[in-house]
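The following note sets out several points on the structure shown below.

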Amino acid sequence: MILRRLRAHVEAENWFAVFLDFAIVVLGVFLGLQVQEWAQVRAETERRGEVMQRLELELRNSDARTRQAIEDTRQRLEGMQAIFRALETGEIDPADREMLELGLMSYNGHTAVKWLVPTLDELLSNGELALIDDNALRTRLMQLREEFMADRDTFMHIRTVSNEYTDAIYPYIQLVPVTEIAVRIPSADEGWDGLFSSLEKFDLQGMRSDDRARAALGHVYDLQSYYLLNHMDTKTQTDAILAMFEDAP
């Protein structure tokens, strides 16, 4: 219809009407493009908000797992310290029995802290990292991800080394010459007190006289200490990133 009117005005040499029709066409095209751009900006803003919320939630869940790993590792180290004290004195201090039992059960354990931020992986895969418009935040997130990937391979190697040390320790905990020690998690009704007597069957003297076993236990302690330092460093980095989310407008 506009084109017919425009042609009629040209034939009638009504140049003002021609200019007006042309302006209407141009304005319509401009408004159409502007509305489309506004819609794109709005969709991108909503997408960015969703991504940031998901990233923060995933990081908080990851941080909670890291805190649990720190607590678990500290308890393992305390349990191993109780074993060291018993090896040093040749006796089990009644005050150490609970921690010593924990140490015997978990000295070679490890609470893994896995990469639990799939939203960042999704952004990488889709080429949408620019949705994180804070350059410093984006850099810190990528650094944290890279460290998680590197730690995964390191921990696998450490587990292999730790298992070699365990071979020297294990006989004195479960395969003692007379009988085996009951190394297990007690039921809620049983509690720790029901297991204290089994510590009498721990071949303390045998391990005490075995330099290889004691050295192996020391090496495992060092590995657990490494786990602890690594988890604490991860927590420090994650907390710093979460603070950036809190400071974001």
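**Notes on the predicted model**

1. The largest pocket draws the largest share of its lining, five residues, from helix H5. The structure discussed throughout is a predicted model. Two elements give two or more residues to the lining of this pocket, namely H5 and helix H7 (211–247).

2. The volume of the largest pocket is about 250 Å³. Its lining is made up of 13 residues, and those nearest the centre are Val113, Lys114, Phe148, Arg152 and Phe155. Sorted by class, the lining contains six nonpolar, four polar and three charged residues.

3. As to the overall fold, the protein has seven helices and zero strands, and the pattern along the sequence is accordingly written α-α-α-α-α-α-α. Of its 249 residues, 36% count as buried. Where contacts join residues at least 6 apart in sequence, 79% of them link residues at least 24 apart.

4. Helix H4 spans residues 118–126, and its buried residues are Thr119, Leu120 and Leu123. These residues lie on the same side of H4 because they cover an arc of only 100 degrees around the axis. After H4 comes Gly127, which has a positive phi, near 65 degrees.

5. In soluble globular proteins, nonpolar side chains tend to be buried together. The largest nonpolar core of this model has 21 residues, of which Leu55, Leu59, Leu120, Ile132, Leu137 and Leu141 touch the most other members. The elements giving two or more residues to this core are H2, H4, H5 and H7. Apart from this core lies another, of 19 residues, with Ala86, Leu87, Met207 and Ala213 among them.

6. Neighbours within four places in sequence aside, the contacts of Leu120 are Leu55, Trp115, Leu129, Ile132, Leu141, Met142 and Arg145.

7. Is Asp63 buried or exposed? Asp63 belongs to helix H2 (residues 15–89). This residue counts as buried because its relative accessible area is 4%, and the cut-off for buried is under 20%. Not counting residues up to four places away in sequence, Asp63 touches Lys235, Thr238, Asp239 and Leu242.

8. Which residues are in contact with Gln224, leaving aside its neighbours within four places in sequence? They are Thr73, Arg76, Leu77, Met80, Ser106, Tyr107, Asn108 and Gly109. Gln224 lies in helix H7 and is buried, with a relative accessible area of 2%.

9. Gln143, in helix H5 (residues 135–169), has a relative accessible area of 37% and is therefore classed as partly exposed. The C-alpha atom of Gln143 is separated by 9.4 Å from that of Gln237, although the two residues are 94 apart along the chain.

Notes
Residues are numbered from 1 along each chain as its sequence is written. This is a predicted model: local features need pLDDT of at least 70, side-chain atom pairs count only at pLDDT 80 or more; totals for chains, interfaces and linings use all residues. Side-chain values use heavy atoms; hydrogens and water are left out. Buried means under 20% relative accessible area, exposed over 50%, partly exposed in between (1.4 Å probe, protein chains only). Helices (H or I, at least four residues) and strands (E, at least two) are DSSP runs, numbered from the N terminus. The arc is that of the directions from the helix axis to the C-beta atoms. On a 1 Å grid over the protein atoms alone, a cavity is a set of points where a 1.4 Å probe fits but cannot get out, and a pocket is an open set with protein on both sides within 12 Å along at least five of seven lines; lining residues have an atom within 4 Å of a point. Grid points are joined across faces, edges and corners, and a volume is the space filled by probe spheres set on the points. Ala, Val, Leu, Ile, Met, Phe, Trp, Tyr, Cys and Pro count as nonpolar, Asp, Glu, Lys and Arg as charged, and the others, Gly among them, as polar. Contact means heavy atoms within 4.5 Å. A nonpolar core is a set of buried Ala, Val, Leu, Ile, Met, Phe, Trp, Tyr and Cys residues joined through side-chain atoms within 4.5 Å.
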